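Here are my notes for you, point by point. Keep the structure open while you read, and look for each place as it comes up.

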There are 2 protein chains.
Amino acid sequence: MDLESLNTPAAVIDVARMHRNIERMQQRMNALGVRFRPHVKTTKCEQVVRAQMDAGARGITVSTLKEAEQFFASGIRDIVYAVGMAPAKLAQALALRRQGCDLKIVADSVACAEAIAAFGRAHEEPFEVWIEIDVDGHRSGITPDDDALLAVAATLSNGGMHLGGVLAHAGSSYDYDTRDELMRIAEQERSRCVRAAERIRAAGLRCDVVSIGSTPTALAAEHLEGVTEVRAGVYVMFDLVMHNVGVNDTSEIALSVLTTVIGHQSEKGWAIVDAGWMAMSRDRGTQRQKRDFGYGLVCRENGEVLGEYLMSGANQEHGIVSRSGTPDHEIAKRFPIGTRLRVLPNHACATGAQHPAYQAIGPDGNVETWPRFYGW
Amino acid sequence: MDLESLNTPAAVIDVARMHRNIERMQQRMNALGVRFRPHVKTTKCEQVVRAQMDAGARGITVSTLKEAEQFFASGIRDIVYAVGMAPAKLAQALALRRQGCDLKIVADSVACAEAIAAFGRAHEEPFEVWIEIDVDGHRSGITPDDDALLAVAATLSNGGMHLGGVLAHAGSSYDYDTRDELMRIAEQERSRCVRAAERIRAAGLRCDVVSIGSTPTALAAEHLEGVTEVRAGVYVMFDLVMHNVGVNDTSEIALSVLTTVIGHQSEKGWAIVDAGWMAMSRDRGTQRQKRDFGYGLVCRENGEVLGEYLMSGANQEHGIVSRSGTPDHEIAKRFPIGTRLRVLPNHACATGAQHPAYQAIGPDGNVETWPRFYGW
């Protein structure tokens with residue numbers, strides 16, 4: 001199978017770019033002296049994750065217990081479920097651990113720690129729990145100097161659970177776009193998470209793991225003193241949001257959506273394509289960044305970026321391709337019906353999730369179908 | 001199985017509401033004297049579509065050939081594929097017709113009509129083609145007075161294809177929110193599509209079908225003279241975008257996402273839940289409407305709307321629930337860890353698409369799992 005034989009729309013991976021992205025991150029982590037634990041929520045695809053592991057990753061991060069189940073079934077034992085534990089999901093986590101999965105779970109409150117400890121004791125299972133640290137006010141977690149940090153640590157420890165470490169994610173790093181800002185937020189993520197670990201240790205408790213990460217901070221950090229591992233997800237594909245943040249060129253984006261021109265509105269300068277938001281996702285992550293790419297940046301079928309053409313609008317199965325600035329009234333001649341284009345996505349995690357499989361183009365032009373899963 | 005036994009996040013259908021929505025639309029279409037052809041892209045779910053057919057629908061509308069294949073396999077013959085035909089998909093359409101599917105396809109340009117006619121003649125298949133009419137500048141189609149209309153009709157007819165009718169969708173109806181505006185755009189959709197059919201007939205060609213529709217215009221039209229059938233999709237569930245347009249109350253929204261509270265940031269007035277954009281979709285369709293509902297409107301597990309609480313932010317598997325206006329610093333007491341909430345979606349088509357199945361709650365409280373499919 002080759003690119004020409006694919007139906008549209010299709011989610012296409014440029015395998016050579018993907019391997020370069022994996023190598024770039026892994027070599028950086030090796031140089032910084034930390035383990036690397038990719039976040040598999042970006043692709044939920046066995047072939048991609050195998051490439052990450054083969055390059056040197058140590059364990060994986062998941063965003064759902066279904067991801068944990070699927071990747072444990074495919075042979076990965078060392079898994080951290082990086083979303084705060086809902087008590088009702090403890091039975092599912094227990095089942096995984098009983099099957100031999102080295103599953104780590106996360107808590108950021110005394111109430112959650114108590115629920116874990118009560119369930120764990122009732123089932124004689126010393127869950128390994130990492131405490132989530134809030135390093136930037138982005139979402140979840142306990143700030144490093146909050147009294148709750150030691151209360152949660154004590155609840156877990158006294159409750160017979162295995163307090164494994166601390167975990168942070170500087171999600172606000174997506175809001176920056178200069179090298180200096182990214183270096184500053186990376187250092188903030190590092191120093192605050194290390195500070196939390198030190199406070200736990202000063203209280204006489206063990207805290208072996210200090211796990212941090214996001215794609216921008218992982219690529220910007222100058223040193224990672226006190227950190228034991230880094231997590232990142234979207235780096236494996238990169239996308240236009242990350243391009244605006246400043247961590248990748250468009251030529252490094254490994255994911256695109258192949259689409260076909262099905263109509264025109266020449267007066268408006270529109271070409272209509274058969275990829276809408278169902279194929280691109282509704283993610284408009286570049287909307288408030290320095291360049292708004294609409295629903296994506298248009299390329300020729302061979303991948304050559306057509307810098308002025310964007311998917312400027314999208315309905316469920318229709319996309320509108322138009323030129324930025326002045327309308328292209330010759331668009332029906334430029335992209336006649338049947339023309340195939342590729343569209344770079346705003347957000348690789350969201351775009352991938354819309355597709356049952358990736359179509360992976362190797363350096364020889366051969367295409368393999370790589371299934372991905374979804375749901376919970 | 002009942003609501004309490006469901007894992008979260010889950011896409012929940014209130015079956016009684018769904019049946020009421022189906023009845024409301026079907027009775028309206030019966031009263032207006034037109035056939036009704038629901039758009040199954042909203043749910044891609046056999047049980048939902050069966051309920052629509054049982055209520056009196058005549059045939060279905062699809063947005064992908066995969067939908068056509070799946071619903072033909074489940075026994076529905078009369079199908080219109082309401083997206084402009086890509087020439088490369090003609091072989092797939094031919095295969096469906098050869099199996100006995102009464103598949104109608106759509107064209108809005110001479111180039112497309114020529115491609116259909118050439119393929120059809122080469123395979124001795126007189127494809128039934130409907131010409132797409134642009135009634136509001138929203139997306140695709142030929143305006144009714146454009147010379148291209150008759151050129152396309154002649155290309156199909158002279159090419160040996162079956163010119164079956166005209167089809168329009170006033171997608172811009174979503175931009176309005178008063179009864180007068182909706183009635184005006186409904187009449188515009190009707191009159192312009194009828195005008196196109198009349199021009200084709202005046203040129204001596206047959207044009208049996210006049211197919212129009214969107215949920216807002218279908219519910220606002222005063223009369224449908226000259227129209228033979230109406231298409232609509234989202235009415236079966238309704239959602240917050242349609243609520244802002246003014247066609248449904250929140251108590252009529254049949255789809256919600258069940259979620260669990262997993263943490264808090266009390267200083268900010270946030271509860272963190274285990275439904276993020278992966279469960280809600282990235283659709284922010286209410287962003288520019290009269291009320292911005294963020295990622296959704298929060299209800300108690302029993303469905304009671306908590307009017308002031310929205311999902312104000314979302315990451316992949318984390319949602320932030322907060323009160324509109326002043327932060328609720330007591331939110332950890334109001335919604336303790338483990339609390340289950342339901343979130344009404346902005347856009348039922350987009351939210352449903354994120355889930356492998358619906359959980360359908362019957363009037364007796366019993367829950368059935370209704371699978372849905374995705375992809376192309």
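1. Let's start inside chain A. Between domain 1 and domain 2 of chain A, the count of salt bridges is 0. There is 1 residue pair in polar contact across that interface. Keep in mind that this is a predicted model.

2. Where are these two domains? Domain 1 of chain A covers 33-236 and domain 2 covers 254-371. Their centres, taken over C-alpha atoms, are 35 Å apart.

3. How do they touch? 12 residues of domain 1 of chain A are in contact with 9 residues of domain 2 of chain A. Together the two domains bury about 780 Å², with 59% of it on carbon and sulfur atoms. On the domain 1 side, Thr42(A), Gln47(A) and Asp177(A) lose the most area, together 44% of what that side buries. The touching residues of domain 1 split into 5 nonpolar, 3 polar and 4 charged.

4. Now for the two chains.

5. What about polar links between the chains? The interface of chain A and chain B has 4 salt bridges. Have a look at Asp274(B) and Lys89(A), whose side chains meet in a salt bridge at 2.5 Å, N to O. There are also 21 residue pairs in polar contact between the chains.

Technical notes
Residues are numbered from 1 along each chain as its sequence is written. Chains are lettered from A and ligands numbered from 1 in the order in which they are written. This is a predicted model: local features need pLDDT of at least 70, side-chain atom pairs count only at pLDDT 80 or more; totals for chains, interfaces and linings use all residues. Side-chain values use heavy atoms; hydrogens and water are left out. Domain bounds come from an automatic or database domain assignment. Contact means heavy atoms within 4.5 Å. Buried area is the accessible area (1.4 Å probe) that two parts lose on being put together, summed over both. A polar contact is a pair of N or O atoms within 3.5 Å; within protein, one must be able to donate a hydrogen and the other to accept it, and residues adjacent in sequence count only if both atoms are side-chain atoms. Ala, Val, Leu, Ile, Met, Phe, Trp, Tyr, Cys and Pro count as nonpolar, Asp, Glu, Lys and Arg as charged, and the others, Gly among them, as polar.
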